[in-house]
Amino acid sequence: MSISLLDNSLKVDIYYEESDRDFEDDICISFSEDCPPEEKIFRADETNIYITPNQACLLLLALQRVMENYRASCQEP
């Protein structure tokens with residue numbers, strides 16, 4: 001899955017790294033940037049963070065909770 005952020009200058013790819021299935025942290029969150037060097041968030045052109053399935057679930061839960069709070073705050077009184 002690929003997501004573009006920050007006016008499409010930051011690309012986030014999230015995928016299961018099958019070649020790393022022997023490792024516990026085989027889910028990759030990959031960040032790549034297409035912007036001038038002075039606007040970069042990361043130092044490298046591509047930054048990969050590997051997480052475990054449990055950490056991926058916790059990240060998903062955290063995002064769902066944020067969205068629930070956001071939706072609740074946007075509802076009319």
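Biologist: What is the nearest side chain of opposite charge to Glu-33, and how far away is it?
Modeller: In this predicted model, that side chain belongs to Lys-40 and is 4.9 Å away. Glu-33 is buried and has no salt bridge, because a salt bridge would need a side-chain nitrogen of Lys or Arg within 4 Å of a carboxyl oxygen.

Biologist: Then which backbone nitrogen does the side chain of Glu-33 reach at 2.7 Å?
Modeller: That is the backbone nitrogen of Ile-41, and the backbone nitrogen of Phe-42 lies 3.0 Å from a polar atom of the Glu-33 side chain. Leaving aside neighbours within four places in sequence, Glu-33 is also in contact with several other residues, among them Ser-9, Leu-10 and Asp-45.

Biologist: Switching topic, which residues make up the largest nonpolar core?
Modeller: There are six, namely Leu-10, Val-12, Ile-27, Ile-29, Phe-31 and Ile-51. Strands S2 (10-16) and S3 each supply at least two of the core residues, and S3 gives the most, with three. Glu-33 lies in S3 as well, a strand that covers residues 27-33.

Biologist: And how many aromatic pairs does the structure hold?
Modeller: It holds one. The ring centres of Phe-31 and Phe-42 are 5.0 Å apart with their planes at 35 degrees, so the pair counts as tilted. Phe-31 sits in strand S3, whereas Phe-42 is in the loop between S3 and strand S4 (46-51), eleven residues apart.

Biologist: Is Phe-31 buried or exposed?
Modeller: Phe-31 counts as buried, at 16% relative accessibility, while Phe-42 is partly exposed, with a relative accessible area of 24%.

Conventions:
Residues are numbered from 1 along each chain as its sequence is written. This is a predicted model: local features need pLDDT of at least 70, side-chain atom pairs count only at pLDDT 80 or more; totals for chains, interfaces and linings use all residues. Side-chain values use heavy atoms; hydrogens and water are left out. Helices (H or I, at least four residues) and strands (E, at least two) are DSSP runs, numbered from the N terminus. Buried means under 20% relative accessible area, exposed over 50%, partly exposed in between (1.4 Å probe, protein chains only). Lys and Arg count as positive and Asp and Glu as negative; His and the chain ends are not counted. A polar contact is a pair of N or O atoms within 3.5 Å; within protein, one must be able to donate a hydrogen and the other to accept it, and residues adjacent in sequence count only if both atoms are side-chain atoms. Contact means heavy atoms within 4.5 Å. A nonpolar core is a set of buried Ala, Val, Leu, Ile, Met, Phe, Trp, Tyr and Cys residues joined through side-chain atoms within 4.5 Å. Rings of Phe, Tyr and Trp (its six-membered ring) pair if their centres lie within 6.5 Å; planes under 30 degrees apart count as stacked, over 60 as edge-to-face and the rest as tilted.
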